[in-house]
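Work through the exercises below with the structure open. Each task is followed by a solution in steps.

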Amino acid sequence: MKVLIVGSGGREYSIGLALKRDEAVEKIWFSPGNGATEQLGENLSITDYRDLADFAQKEGVDLTIVGPEAPLVDGIVDLFKEKGLTIFGPSAQAAQLEGSKIFMKNFLARHGIPTARYIETGSLQEATRFIETLEAPIVVKADGLCAGKGVIIAPTRQEARQAAQGMLSGESFGEAGSKIVVEEFLDGYELSVFAVCDGKDYVVLPAAQDHKRLLNDDKGPNTGGMGAYAPTPLVNEEIYRKLDERVIRPTLKGMEAEGMPFTGVLFMGVMVVNGEPYILEYNVRFGDPECEVLMPLLKSPASELFYKAATGRLAEANIEFHDRYAVGVVMASKNYPYGSSEPAEIIVDEIHHEELAANSHISYAGVSRDEEGKLYATGGRVLICVGLGESIREARDRAYMLVGQVHFVGKQCRTDIAWQALEA
């Protein structure tokens with residue numbers, strides 16, 4: 001099988017790593033990839049989606065997997081399907097579940113899927129009136145894509161009004177904030193649950209939990225994610241059952257009924273309040289860094305999961321996961337998330353510890369390679385150190401042992417990833 005992976009981050013590297021270990025896969029391309037994906041396949045510099053589809057046709061690509069949300073919202077799946085190509089991901093219509101928070105919230109309401117009380121509006125006056133009816137903290141969301149930064153949890157009503165004003169004026173997120181969602185804050189604990197879907201059937205992956213805040217003890221600004229672990233002990237069979245009955249099935253049936261059957265990854269941002277799951281948000285692709293801890297837990301061939309989902313044949317597949325744990329620790333550059341940092345050479349010590357070598361790996365994200373083959377930290381989130389183990393503690397310890405082997409100027413990471421699970 002020849003596979004094309006669209007994207008350039010740690011998520012795409014992790015998918016590529018899983019496919020590289022797959023005996024059914026003979027060739028992998030990345031578009032555009034990063035400085036380390038060249039270790040797994042070939043990087044392409046094709047930016048136009050039509051040209052990329054032409055390349056896939058010419059090279060006989062059997063399967064294209066789309067990592068990030070922007071190409072999905074832009075309609076890359078529709079373009080590839082027009083040319084008769086097999087591609088994993090939702091259509092542009094179905095990708096509205098992430099591309100528009102208003103579409104998503106209204107879809108949840110139409111299909112009776114549990115979510116927080118909310119309004120959608122383009123009027124500051126209307127937003128203000130609704131804010132006055134809510135207890136603080138209050139959640140304000142820009143409607144469009146904001147690279148994971150369009151959600152503000154305002155600790156007071158006044159700050160909620162300021163957030164709404166900043167979005168609606170275009171000052172905060174430009175066009176993406178021309179309409180907003182204001183909603184009540186749900187107080188519970190958060191889960192990341194992913195379902196790989198083929199339009200009718202689906203496979204639920206082990207529930208993960210990521211750490212959005214920059215600093216230990218969940219302090220500091222929100223980031224794209226500073227680490228993750230899976231499976232989390234904070235989810236049980238009862239919660240899985242409720243998600244199955246109240247969320248996943250109604251979503252797939254609703255999308256099909258509305259003429260946009262959902263194929264690809266359905267990410268559910270779940271808040272559990274007194275044992276009841278509520279949907280905070282949907283994404284239409286793997287989370288990053290959750291993907292980096294889920295891929296190593298996949299026991300079945302990765303090509304089977306993605307190909308059967310893309311071709312509507314998940315019911316035929318027997319997808320299995322290892323009965324293990326994975327913990328991923330993000331190593332970020334010096335100025336992340338406030339600004340860019342000077343490129344810094346990455347040095348990885350040789351690992352002599354056999355158990356560590358066999359049960360850990362690095363997924364590279366914001367990196368580039370120079371002409372001499374040296375790897376440099378050039379992005380905000382540079383790489384993820386992933387540890388595997390028979391317990392969360394063992395996986396966590398291996399992840400941090402690997403962190404100790406990686407060196408670049410200005411490196412930063414949290415030292416408490418998976419603390420919720422270890423204290424549970």
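The model is predicted.

**Exercise 1.** Compare the length of H8 with the expected span.

Solution. Step one: H8 covers residues 157-168, twelve residues. Step two: the expected span is 1.5 Å times one less than the number of residues, which gives the 16 Å expected for H8. Step three: from its first C-alpha to its last, H8 reaches 16 Å, close to that expectation.

**Exercise 2.** List the buried residues of H8 and find what covers them.

Solution. Step one: take as buried any residue under 20% relative accessible area. Step two: in H8 these are Ala-160, Ala-163, Ala-164, Gly-166, Met-167 and Leu-168. Step three: their cover includes helix H7 (124-131) and the strands E6 (118-121), E7 (138-142), E8 (151-154) and E9 (180-184). As background, residues three or four places apart in an α-helix point the same way, because there are 3.6 residues a turn.

**Exercise 3.** Determine the strand order and the edges of the four-stranded open sheet.

Solution. Step one: the order is E11-E10-E16-E17, and the pairing is antiparallel. Step two: strand E11 (202-204) and strand E17 (276-283) each pair on one side only, which makes them the edge strands. Step three: on average, neighbouring strands are turned by 30° against each other, direction ignored.

**Exercise 4.** Describe how E10 is joined to E11 and which helix packs on the sheet.

Solution. Step one: three bridges link E10 (residues 189-198) to E11, and the two run antiparallel. Step two: Ala-195 is opposite Val-204 in E11. Step three: helix H9 (residues 237-257) packs on the sheet and touches E10, E11, E16 (263-273) and E17. The direction of H9 makes about 45° with that of E17.

Key
Residues are numbered from 1 along each chain as its sequence is written. This is a predicted model: local features need pLDDT of at least 70, side-chain atom pairs count only at pLDDT 80 or more; totals for chains, interfaces and linings use all residues. Side-chain values use heavy atoms; hydrogens and water are left out. Two strands pair if DSSP finds at least two bridges between them. Axes are lines fitted to C-alpha atoms, for helices over the stretch in contact, and angles run from 0 to 180 degrees between N-to-C directions. Contact means heavy atoms within 4.5 Å. Buried means under 20% relative accessible area, exposed over 50%, partly exposed in between (1.4 Å probe, protein chains only).
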